[in-house]
Amino acid sequence: MNKKTWLLFFVLLLTVSTALFGCASDEGEDTGGESGNDSGESSSQDTLIFGRGGDSVGLDPITVTDGESFKVTKNVFETLIEFGREDTEINPGLAAEWDVSEDGLTYTFTLQEGVTFHDGEAFNADAVVYNFERWASGTEDKFYYYKSMFGGFGDDEGHVIESVTAADDMTVEIKLKRPQAPFLKNLAMSPFGIASPKALDEMGDEGFNESPVGTGPFKFVEWRRNDRIVLEKNEDYWQEGLPKLNEIIFRSIPENSARLNALQSNEIDLADGVNPSDAAMIEENADLQLFERPSMNVGYLGLTTTREPFDDPKVRQAMNHAIDRQAIVDAFFEGRAEVAKNAMPPVIAGYNDDIEGYEYDPEKAKQLLEEAGLGDGFEMDLWAMPVPRPYMPDGQKVAEAIQNNLADVGITAEIVNYEWATYLEKARMGEADAFLLGWTGDNGDADNFLYVLLDQDNIGSNNYTYYENQELHDLLIEAQSEVDEEARNQLYMDAQEIIHEDAPWVPLAHSTPLMAGSSTLKDFVAHPTGSDNLMDVYFE
């Protein structure tokens, strides 16, 4: 081959190679769905792909109650007070410091300087007041958590907040009608992320729920329903050097096994909702690491007390005796859970360990059904969660085990399924006979379990069973206002006695939820609330 021919051949080869490279680059521009840690210059060095069991219900934190939504909003929004990286101790957030009056009724917050919202608007005292006024003017079917944590809206008698005012541009004063012991911890919860007033005014509630604007380390980019949510680095974030990642992609992969397979094949970098049975395999794999989320949860079977026959306490007690909780824990949690007997976990102050849980006793269950006039049994619907949750890795299998237990005492249970958002909404509206659900504590306080989930104030919001008891309500309100820790804990122990006797739930388990990630993932901390702040995460 002469020099001229060789030169033409080389130019042709270079042209073809360039074209092929360009095609490959075009095809690889959409990183959603595949991690970059299996190709050349790894995009996963600055992109985290987080595989989870279900999609978010919404992205306006005040409007949602589910953990899948808070996984995302925790990284878009910030609260006045923040929890510690590994616990629920309170730390400065958007408020640099605060002062509490001697009577516990006035809280004065000094705000961080130099913070902006993702739309470029300044964060200041007026923005905080705007958010509180928005929340306080809501309704229980719109802002569930606000009522649950602060007792009502507007001029409601139970509404604990009297006023929120801007003392100056960077100082906010909040006055309460009565002391509320968990007030600061309540403010640190994910639902109370501070939103951009300008974005809310321009987009309205529905638009904002689809395209949120906060002050957090990551900015919202895209949401493809039941597929992925994409966040990007907030280049103007007020905490220097953070976040360390350029992008986070939350991918919805409903099956636990499929999610783990995606991790093993480098399609994702972090997987939530790992089956306990897979823990040993993950620990033995040098390319993976196992994370244990501190146990601060409860999984339960809720019994809607306004629906027959669950309006009869004897029937609810019979359900508690009919279900073999130990067998469920042994079969589906692989030693990573303990049987529950109360509506809150033992790690929470005020837990009543003196209560004797309902024993698995089918004969006792039959006796109680006979006393309730249901000796021949009855038919019911049993709702099974369609997605794995930290407190229940496989709701369908747990429902099947419960179905078999109930059949042994003459109760015929038909298992019902709905898509996750529909499941939550219909259960909240009291449409289920019995439903599997659970709760991961938001702030480490007993109030966040007992008052939020079982008080009559919260029927229609987080009290899905529609259970009400005036004596319980009085105890829980007293406990909220009690500042002496020992006296407060005793009130919660008394409250658990009432709940145990009335049996609106069948408490099932307190789990230790598992996650798995790439071995190159660094500085990830599984927070006990289930809402993980990802601004410190990076890849080695």
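**Close-up 1. Arginine 259, a buried residue of helix α7.** Arginine 259 counts as buried because its relative accessibility is 0% (buried is under 20% relative accessible area, exposed over 50%, partly exposed in between; 1.4 Å probe, protein chains only). This is a predicted model, where local features need pLDDT of at least 70, side-chain atom pairs count only at pLDDT 80 or more, and totals for chains, interfaces and linings use all residues. Residues are numbered from 1 along each chain as its sequence is written, and side-chain values use heavy atoms, with hydrogens and water left out. Helix α7 spans residues 256-264 (helices are DSSP runs of H or I, at least four residues, and strands are runs of E, at least two, numbered from the N terminus). The arginine 259 side chain gets to the backbone oxygen of proline 254 at 3.1 Å, and one of its polar atoms sits 3.0 Å from the backbone oxygen of isoleucine 253.

**Close-up 2. The β8-β9 hairpin and its turn.** Strands β8 (residues 218-224) and β9 (residues 228-233) pair antiparallel over 6 bridges (pairing takes at least two DSSP bridges). Phenylalanine 218 has lysine 233 as its bridge partner in β9. With 3 residues between the strands, the turn includes asparagine 226, whose phi is positive at about 60°. Asparagine 226 is exposed, at 54% relative accessible area.

Notes. A polar contact is a pair of N or O atoms within 3.5 Å; within protein, one must be able to donate a hydrogen and the other to accept it, and residues adjacent in sequence count only if both atoms are side-chain atoms.
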